Amino acid sequence: MKTRKNKKTEDLLEKLEPKISDNLLTLKGVGKHYGSIIALRGVDMVVDPGKVTCVLGDNGAGKSTLIKIIAGLHQHDEGEFSLHGSAIKLKSPRVALDAGIAAVYQDLAVVPLMPIWRNFFLGSELTTGVGLFKKLDVQKMKDITKQELSDMGIDLRDVEQPIGQLSGGERQCVAIARAVYFGAKVLILDEPTAALGVKQSGVVLRYILQARDRGLGVIFITHNPHHAYPVGDSFLLLKRGRSIGYYSKSEITVEELTAQMAGGAELAELAHELEQLGGHDEELAEAEAGANSQATA
Amino acid sequence: MSSITASPSQKRKSPALDERVGKKSALSILLGRPEIGALVGAIALFVFFAVVAPVFLAPASLATVLYGASTIGIMAVGVSLLMIGGEFDLSTGVAVISSALSASMISWYFGLNVWVGIALALVVSLLIGFINGIILIKTKLPSFIVTLASFLMLTGLNLGLTRAIGGSVSSPSIADIEGFQSAKAVFASSVNIAGIDVKITVFIWIAMVIIASWILLRTKIGNWIFAVGGDEKAARAVGVPVVRTKIGLFMAVGFCGWVLGMHNLFAFDSVQSGEGIGNEFLYIIAAVIGGCLLTGGYGSAIGGAIGAFIFGMANKGIVYAEWNPDWFKFFLGLMLLLATVVNIVVKKRAESSK
């Protein structure tokens, strides 16, 4: 089973090999350890423009470590990370941003007390004037924020309000719009739908496709295969810091994806366990009923 | 990016009024400002003292109040910015004295022009700020601990070095050294306005508040200050230079300490090496009363100035009202408490969705 999977990964990589320079971003055997703890080992992955690569895994599977490496927050210890075909080690998020890699985090990377437009341009502010009199171009930033958000289909009341007043979905969308505006080529989305309701999740998934259609390579991290499958073009499955499979969409169904992710055997075990629990309940009820009837008799 | 520059027609549409945005009244805009609580408090306090002590309204009294406010306010400018940036500094009170001592001891010991001492004191002050900042960044300790340590160390250095070099607890007089008069004119003179002597520190203070407000609201650095105080991780993730911003803030506090230190020195001609202890709290109180959140990310330079003005009014007003000044600290504590409660309400308002 295991060898077959690895072979599949190799095949996929081989398929992609000839046009390697077209790949936006390639990971080969990337690993990371914190002291003696191995957080990630041997991960292969390819991101192409206009495609959505989903990274799936349960909690603690190494998803966060992986994106932190790609976003420049951490550096990988082993393997090769290449951008446009040349090996690279990103020293900081700033370097990653300059290389066109933007991350939208689970905890959103927005400053709640600051107005939307200030958040939108944070770290990349527009200015006018020179030298000591260089100042923020406030009106232009406000206009662009409003315009960019409405282009993404986000209709906000007032860009002057603190971003903390927006809903989780809206904040995600502002963060995505910001990354798109600042010319990101690779967009990393860390569990954008994790804290959202069904409808809000749908909204965010739509923005993922919008970003893809604008030619971005999207890396979508999630633990929900039902969110990943409809938007994804390829799927990387992580478990306990290792890659347990890398599939393109044609190779896998959503059911297989779910089973793979949870680990088929484990899922069956869980179903069995739940069944047992149910049965146990009935037995309890029966026992109780028996005891009652005895008491009345 | 291209969609913006290439779509002037759309762009014209965007500033159009949104029907969901109710016309904001001037009042509601005002209520959204961080310093509003302090402003209301300042007006109330002003009216109160004007009623109980009519002499309070005399121009000469106001000049005295403003002077008292300025000696707190100059430091409160830096301390407010630092607090918005999410940190605070307990070493400011003694760092002011360190700066004054550096200037006077260097000039006196080496027999140099006073201005050389002043320039080197600026280096010392900026260095103190830089060291505070770099230790904070490297150790990741809370600023409370880092600056408490530097507060204690500077207190010891002020006393120890002054005695070791000058042989006394106060620095020797530098009144006869070259450059003293011109330095006094810059840092500790009075300006006569319509027959009233107003201390120059008042104007320095106002200028510093204006510059700080400009930096905070209209420059990149201001945006970064709010961001590192509001959410450091988020700021780092979008590429804000968090380390440089924080160290810069500590150095700005050092600069303010230098300005005030020079005033303290040239208002007389020597400095008591044991002074300054406890003043750090006055600067922090001014910033907090002025609406700066202790947790960072919210506040204004104007707020710190209003806080300092409240302090000046309460400090001198009690004297004009001929009350026992023993009560002053009690009022200060009460105001601090009230201001903090108002701040919490303001923050909740800003964070919650309507």
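Is Cys256(B) buried or exposed? In this predicted model, Cys256(B) has a relative accessibility of 4% and therefore counts as buried, since the cut-off for that class is under 20%. Cys54(A) is also assigned to the buried class, because its relative accessibility is 0%.

Chain B is made up of 16 helices and two strands. Of its 354 residues, 49% count as buried. Among the contacts in chain B with a separation of 6 or more, 77% are accounted for by residues 24 or more positions apart. The accessible surface of this chain comes to about 16,400 Å², and carbon and sulfur atoms hold 71% of that area.

In soluble globular proteins, nonpolar side chains tend to be buried together. The largest nonpolar core of the model has 87 residues. The residues with the most contacts inside this core are Leu122(A), from chain A, and Met75(B), Val114(B), Ile118(B), Trp205(B), Met262(B) and Phe266(B), from chain B. Helix α5 (residues 59–84) of chain B supplies twelve residues, the largest share of the core. Another core, of 52 residues, lies apart from this one and includes Val52(A), Leu149(A), Leu156(A) and Ala179(A).

The surroundings of Leu122(A) draw on both chains. With neighbours within four places in sequence left aside, Leu122(A) is in contact with Val111(A) and Met114(A) in chain A, and with Asn223(B), Trp224(B), Ala227(B), Val238(B) and Val240(B) in chain B.

In chain A, strand β9 (residues 186–190) is mostly covered, with five of its five residues buried. The cover extends to both faces of β9(A). Val186(A), Ile188(A) and Asp190(A) are buried on one side, and Leu187(A) and Leu189(A) are buried on the other.

Two strands of chain A pair with β9(A). Strand β6 (residues 101–104) runs parallel to β9(A) and is joined to it by four bridges; within this pairing, Ala103(A) stands opposite Ile188(A). Strand β10 (residues 217–222) also pairs with β9(A) in the parallel sense, over five bridges. Between β9(A) and β10(A) the chain passes through helix α7 (residues 198–213), forming a β-α-β crossover that is right-handed.

Note on methods. Residues are numbered from 1 along each chain as its sequence is written. Chains are lettered from A and ligands numbered from 1 in the order in which they are written. This is a predicted model: local features need pLDDT of at least 70, side-chain atom pairs count only at pLDDT 80 or more; totals for chains, interfaces and linings use all residues. Side-chain values use heavy atoms; hydrogens and water are left out. A nonpolar core is a set of buried Ala, Val, Leu, Ile, Met, Phe, Trp, Tyr and Cys residues joined through side-chain atoms within 4.5 Å. Buried means under 20% relative accessible area, exposed over 50%, partly exposed in between (1.4 Å probe, protein chains only). Contact means heavy atoms within 4.5 Å. Two strands pair if DSSP finds at least two bridges between them. A crossover is right-handed if, with the strands pointing away from the viewer, the path from the first strand over the helix to the second runs clockwise. Accessible areas come from the Shrake-Rupley method with a 1.4 Å probe; for residues, only the protein chains shown count as cover.
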